[in-house]
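Subject: Handover of a structure

Dear colleague,

Please find the sequence and the structure below. A written account of the findings follows them.

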Amino acid sequence: MHDALIVLAAIVAGAVASISGFGIGSILTPLLAAFVGTKLAVAVVSIPHFLGTALRFAMIRKHVDKKVLVTFGITSAAGGLGGALLHVWLRSAILAYVLGALLIVAGLMGIMGLGQRLRFGRATGLVAGAVSGDFGGLVGNRGGIRSAALLGYDVSKEAFVATATAIALLVDVFRMPVYIATEHRELASAWPSILLACVGVVLGTLTGKPLLQRIPDKAYRTIVSAIILGLGIWMLI
């Protein structure tokens, strides 16, 4: 049951991320936290997250807005490194509360439609980029904040997803070495979960876009937001 849940959640996470630019950390981290604790779960999920994000980037890289990537991406990467260093010093229970609260806020915003109406100016967007990177390094969850911030830039839907993916990949490059250096023994012991999550994320990334395109956009956002809200409540309980 444990293995089946990881694979199923990873497939769903990869599929969601394939059309939204985020979702792998939001879905996989709370699930794995129930088995290995939040602190290790963040480090474990960073590996399939990097793999799925790299694969998605390879598929849509031509749509990346390079100007936005350079400005917004740099602050996000710096925030990711800072968050990862802070992650080393915090206990798993504290991280669980932070992640649970973030998921509840993100879920409620999605259900109420606030996430689609939220807009940042360019200066505020850069600050939000750093904040999203901090949360990415700290608890592996920053996609909702990053996406809201990117809405402040005038880019197409394709460029939005591609640029969000490129920024997520950049944050992963900065935060993963910290996890590996400080938790390499724990990561080595969790290799079965890492392998299953990687397989599921790749499958979801490759098959998710054509499947999820059949779901109406409004219904899709509501379903995903409800799942994220439920995971957040579960984390806090």
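**Phe-35 and the surface around it**

Phe-35 is partly exposed, with a relative accessible area of 39%; buried means under 20% relative accessible area, exposed over 50%, and partly exposed in between, with a 1.4 Å probe and protein chains only. The residue lies in helix α2, where helices (H or I, at least four residues) and strands (E, at least two) are DSSP runs, numbered from the N terminus. Leaving aside neighbours within four places in sequence, Phe-35 is in contact with His-2 and Leu-5, contact being heavy atoms within 4.5 Å. The C-alpha atoms of Phe-35 and His-2 are separated by 8.6 Å, although the two residues are 33 residues apart along the chain.

Phe-35 also belongs to a nonpolar patch on the surface, together with Met-1, Leu-5 and Val-36, and the accessible area of these residues together is about 400 Å². Patches are made of residues with over 30% relative accessible area and no salt bridge; like charges are joined within 9 Å, and nonpolar side chains (Val, Leu, Ile, Met, Phe, Trp, Tyr) within 5 Å. Accessible areas come from the Shrake-Rupley method with a 1.4 Å probe, and for residues only the protein chains shown count as cover.

**Basis and confidence**

This is a predicted model, in which local features need pLDDT of at least 70 and side-chain atom pairs count only at pLDDT 80 or more, while totals for chains, interfaces and linings use all residues. Residues are numbered from 1 along each chain as its sequence is written, and side-chain values use heavy atoms, with hydrogens and water left out.

The chain averages a pLDDT of 76, and 66% of the residues score at least 70; pLDDT is the predictor's confidence in each residue, from 0 to 100. Confidence in the chain is highest in helix α3, at a mean of 89, and lowest in helix α7 (residues 122–139), at 56. Please keep these values in mind when reading the rest.

**The chain as a whole**

The chain holds 11 helices and zero strands. It has 237 residues, of which 49% count as buried. Among contacts in the chain with a separation of 6 or more, 83% come from residues 24 or more positions apart. The accessible surface of the chain is about 10,900 Å², and carbon and sulfur atoms account for 72% of that surface.

**The nonpolar cores**

The largest nonpolar core has 25 residues, of which Ile-24, Leu-28, Leu-32, Val-44 and Leu-187 touch the most other members. Such a core is a set of buried Ala, Val, Leu, Ile, Met, Phe, Trp, Tyr and Cys residues joined through side-chain atoms within 4.5 Å. Two or more residues of this core come from each of α1 (2–20), α2 (24–36), α3, α9 (157–189) and α10 (191–212). A second, separate core has six residues, among them Val-64, Phe-160, Val-161 and Ala-162.

Beyond its neighbours within four places in sequence, Leu-28 is in contact with Ile-6, Ala-9, Ala-10, Ala-13, Val-45, Pro-48, Ala-197 and Val-201.

Thr-53 lies in helix α3 (residues 38–60) and counts as buried, at 0% relative accessibility. Not counting residues up to four places away in sequence, Thr-53 touches Thr-165, Ala-168, Leu-169 and Asp-172. Leu-170, in helix α9, is partly exposed, with a relative accessible area of 28%. The C-alpha atoms of Leu-170 and Thr-53 are separated by 9.8 Å, while the residues are 117 residues apart along the chain.

Ser-46, also placed in helix α3, counts as buried at 2% relative accessibility. Its contacts, leaving aside neighbours within four places in sequence, are Arg-175, Met-176 and Tyr-179.

**The salt bridge**

The count comes to one salt bridge, defined as a side-chain nitrogen of Lys or Arg within 4 Å of a carboxyl oxygen of Asp or Glu. The side chains of Arg-175 and Asp-172 meet in it, at 2.8 Å from N to O. Side chains of opposite charge can pair when their charged atoms come close. Arg-175 and Asp-172 are three residues apart in helix α9, so they are separated by about one helical turn. Arg-175 is buried, with a relative accessible area of 1%, and Asp-172 counts as buried at 0% relative accessibility.

With kind regards
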